[in-house]
Amino acid sequence: MQYQVSGTVMQTVSIDMEPGDAVYSLTNCMCWMSDTISMSTNTGGGFLAGLARTFGGGSFFMTDFTAQAPGHVAFAPRFPGTIMPIQLQAGASLICRKETFLVAEKSVTLDIAFQQRFGAGLFGGQGFILQRVTGPGLVFLDLSGEVVEKDLAPGEKLLVHAGHVGVMDASVTFDIQMVRGFSNVLFGGEGLFLATLTGPGHIALQSMPIMNLAEEIAKHLPSPQAQASAVSGPGSVNVNVGNLLGGIFGGRS
């Protein structure tokens, strides 16, 4: 099975498939496909499996894509980021943040993983339920922004703002640590806790957590009161801005 990842900020992955090849994805991820590819939407293991997936940031339904003849199918994440293709060996697992899984071969298992430590689940920014992908097979994961990968030696620790944790080997321990220093807690802007990743194992960090992006966008959105006053002030005519712009740029029949 051949594939090509295209793009920089808003990437897509196109997978070339031969007859009998099959991949599956969460719903609402497919971009385009050949007419030789058939789709089948299902719960991916039953009602309980679908329900468990929703707690891990996935969708209740999954969609299978099977090649009836040579063709291709393309997928894209819903946010700016990086698509990571990873070939998993039989029995090898990766622990991922919520909403990381994009698409995989049918031989790859998508499941949920629970935080083993209460504090990490409560204050680690990831919640108690994460995603787990297990091989064998090829899986495509989606991280926000750019990706930085590191290998941690046994016992080596890395302190990370929790939102930047993306993917890690199952052998890596995820915990939390309180930020030291009174002024750091009050004025540092990093919150009260940092995530602690302890090796051995491989980790992938993301440069732009979606929550950070959402907060920055929210800062520049006008308040409902400002929007109302801009459209209809005292003595002015209430105008539908969308219709006005459509009339100007869309032309008149």
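**Labels and their cut-offs**

Mentor: T54 is partly exposed, its relative accessible area being 33%. The model is a predicted one, in which local features need pLDDT of at least 70 and side-chain atom pairs count only at pLDDT 80 or more, while totals for chains, interfaces and linings use all residues. Residues are numbered from 1 along each chain as its sequence is written, and side-chain values use heavy atoms, with hydrogens and water left out.

Trainee: Why is T196 called buried?
Mentor: T196 has a relative accessible area of 5%, which is under 20%, and therefore counts as buried. Its contacts (heavy atoms within 4.5 Å), not counting residues up to four places away in sequence, include L158, F174 and I176.

Trainee: What makes D64 and K106 a salt bridge?
Mentor: The term requires a side-chain nitrogen of Lys or Arg within 4 Å of a carboxyl oxygen of Asp or Glu, and the closest N and O atoms of D64 and K106 are 3.2 Å apart, so the pair qualifies. By this rule the count comes to 1 salt bridge.

Trainee: Is D64 buried or exposed?
Mentor: D64 counts as buried because its relative accessibility is 14%, whereas K106, at 43%, counts as partly exposed.

Conventions: Buried < 20%, exposed > 50% of the residue type's maximum accessible area, 1.4 Å probe, protein only.
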